[in-house]
Amino acid sequence: MPATRLRPCDAQLLGLEAHPDDPSVLSFLVVPHLCRTDGRFYGGAALAVALAASEAVSGRPALWSSTQLVATADLGARVRVDVDVVAAGRSVSQVNVRGTVDGQLIFAAVGSTASARDGGLYGVGQVMPRVAPPEESEPWMGPRRRRAEAESGNGGAALAMPPSTVGHHLVSEHRDAPILDATGARPGHMTLWARLTGDWPSGPVMSPATLGFLADMVPLACSRACGVEGAGTSLDNSLRIGEPVDTEWVLLELDAHVAVGGFGHGQVHLWSPDGRMLATGTQSAILFSIDDFIERRTAG
């Protein structure tokens, strides 16, 4: 799978292009759906790029990636992606990925790609929470819209909150999925259905990169564990790939671990609707409440 043969869904989602002279170098343009709502590069997109680029250059499916967000890239920036296969064994390749803009480091990733071993051990140590299926679930508003609706009353947020023209929500959809049989509920434990929207070249394909793009929601759970509606700015995003399944919808099971001094850590399990674990990941982020976010945006 050389860089000129990226997965079609990844090439479309991320806009990755191969360098004409160097198969270990790719690039992409920071477009609106690869950004946060403030127009800066989205952490989930960085993880997705690291996974897709690792696969393309190593020629093996992604096994895991840990991606550190070092700086932000603005809307319209061209990001160069250098991939270094530092070791390639019979079944596993160890890979480093660096994303830069005009020589400035934006993100750095380490990870592995791997070919499945015939007869290798198989098992799952977790159980998917019981939730309503996505077709029976209501659209998820998000903390910012929920706050605006509560303040305006009677659903008036539709006028107060026009759709943003920048953000990953331009190509993704989320639906509320409360856990139906939660016992001993944890304050930072929540579930959401997620999927990509729009037209895709080969139907719904949950590649590792796609999963990484959708998984960047852990700060929501960390903020909820702090007793507020909020979000966060990623410091790192990690994903470890489980069973590869093509599915339209993915259940994000988000679980906060701890938040101290405005920094939070947590995890995400990604499930197919029929209960197969697609991936598991962790994330650290700078946390903020939606009130703080709106206040800073208004002041700035």
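Me: Which residue in β4 is the bridge partner of L26?
Reply: The partner is V81. Keep in mind that this is a predicted model.

Me: What makes β2 and β4 a pair of strands?
Reply: A pair needs at least two bridges. Five bridges join β2 to β4 (residues 78-88), so the two count as paired. They run antiparallel.

Me: How do you know that β1 pairs with β2?
Reply: The cut-off is at least two bridges. Two bridges join β1 (residues 17-18) to β2, so these strands pair as well. They too run antiparallel. E17 stands opposite S27 in β2. A hairpin of six residues joins β1 to β2.

Me: Why is β2 called largely enclosed?
Reply: Buried means under 20% relative accessible area. Four of the five residues of β2 (residues 25-29) are buried, so the rest of the structure largely encloses this strand.

Me: Why is F263 called partly exposed?
Reply: Its relative accessible area is 42%. Under 20% would be buried, and over 50% would be exposed. The 42% of F263 lies in between, so the residue is partly exposed. F263 is found in strand β11 (residues 263-271).

Me: Which residues lie nearest the centre of the second largest pocket?
Reply: L63, A116, I241, G242 and P244 do, out of 29 lining residues. The pocket's volume is about 790 Å³.

Definitions and conventions. Residues numbered from 1 in each chain as written. Predicted model: local features only at pLDDT ≥ 70, side-chain atom pairs only at ≥ 80, totals over all residues. Heavy atoms only, no water. Buried < 20%, exposed > 50% of the residue type's maximum accessible area, 1.4 Å probe, protein only. 1 Å grid on protein atoms, 1.4 Å probe; cavity = no way out; pocket = protein on both sides within 12 Å on 5 of 7 lines; lining within 4 Å. Points joined across faces, edges and corners; volume = space filled by probe spheres on them.
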